[in-house]
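Please look at the sequence and the structure first.

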Amino acid sequence: MPLFNALNSRPDLASAFDHLFTNKRLWLAIAFGTLAQVAVVELPFLQSAFGTAPLDAIRWVAAFGSGVVLLGYEEVVKAVRRGLAPR
């Protein structure tokens, strides 16, 4: 979820999808964070180091889906704020 939140945090009122690929450092951070998270959960030597267990497909979908829900919720909130903002 924090990786999806990074997309939400960029613009204050604008959509997270505006100029989506202009910040290369943000995308590198998201890619690194995703790879690190998957490695800690799925690689046996990191599982023992961090005390994690592998996830099945349903749980990966739930984890990814919760981030998508957060992103969608924030987009709705921003749309309402834009509608209420003075012009």
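## Surface and charge

The accessible surface of the protein chain is about 6,300 Å², and carbon and sulfur atoms account for 71% of that area. The model is a predicted one. Of the chain's 87 residues, 22% count as buried.

Among the side chains, 8 are positive and 6 are negative. The centres of these two sets are 8 Å apart.

## Overall form

The protein chain contains four helices and zero strands. In sequence order the pattern is α-α-α-α. The radius of gyration is 16 Å, well over the 12 Å that the globule rule gives for 87 residues, so the protein chain is more spread out than a compact globule. Along the principal axes, the C-alpha atoms fill a box of roughly 55 × 25 × 15 Å.

How many of the contacts between residues at least 6 apart in sequence join residues at least 24 apart? The share is 48% in the protein chain.

## Helix 2

Helix 2 covers residues 24-42, which is 19 residues. At 1.5 Å a residue, helix 2 should span 27 Å, and its end C-alpha atoms are 27 Å apart, so the two values agree. The buried residues of helix 2 are Leu26, Ile30, Ala39, Val40 and Val41. These buried residues pack against helix 1, helix 3 (44-50) and helix 4.

Lysine 24 also has its place in helix 2. Is lysine 24 buried or exposed? Lysine 24 counts as exposed because its relative accessibility is 62%, and the cut-off for exposed is over 50%. Between lysine 24 and threonine 52 there are 30 Å in space, C-alpha to C-alpha, and the two residues are 28 apart in sequence.

## Helix 4

Helix 4 runs over residues 57-84 and has 28 residues.

The buried residues of helix 4 are Gly67, Leu71, Glu75, Val77 and Lys78. An α-helix has 3.6 residues a turn, so residues three or four places apart point the same way. Gly67, Leu71 and Glu75 are among the buried residues of helix 4. The buried residues of helix 4 pack against helix 1, residues 2-9. Helix 1 is also one of the elements that the buried residues of helix 2 pack against.

Notes: Residues numbered from 1 in each chain as written. Predicted model: local features only at pLDDT ≥ 70, side-chain atom pairs only at ≥ 80, totals over all residues. Heavy atoms only, no water. Helix = DSSP H or I, 4+ residues; strand = E, 2+ residues; numbered from the N terminus. Expected span 1.5 Å × (residues − 1). Buried < 20%, exposed > 50% of the residue type's maximum accessible area, 1.4 Å probe, protein only. Contact = heavy atoms within 4.5 Å. Rg over C-alpha atoms; globule rule 2.2 N^0.38 Å. Areas by Shrake-Rupley, 256 points an atom, 1.4 Å probe, with all protein chains shown as cover. Lys, Arg positive; Asp, Glu negative; His and termini not counted. Charge placed at Lys NZ, Arg CZ, Asp CG, Glu CD.
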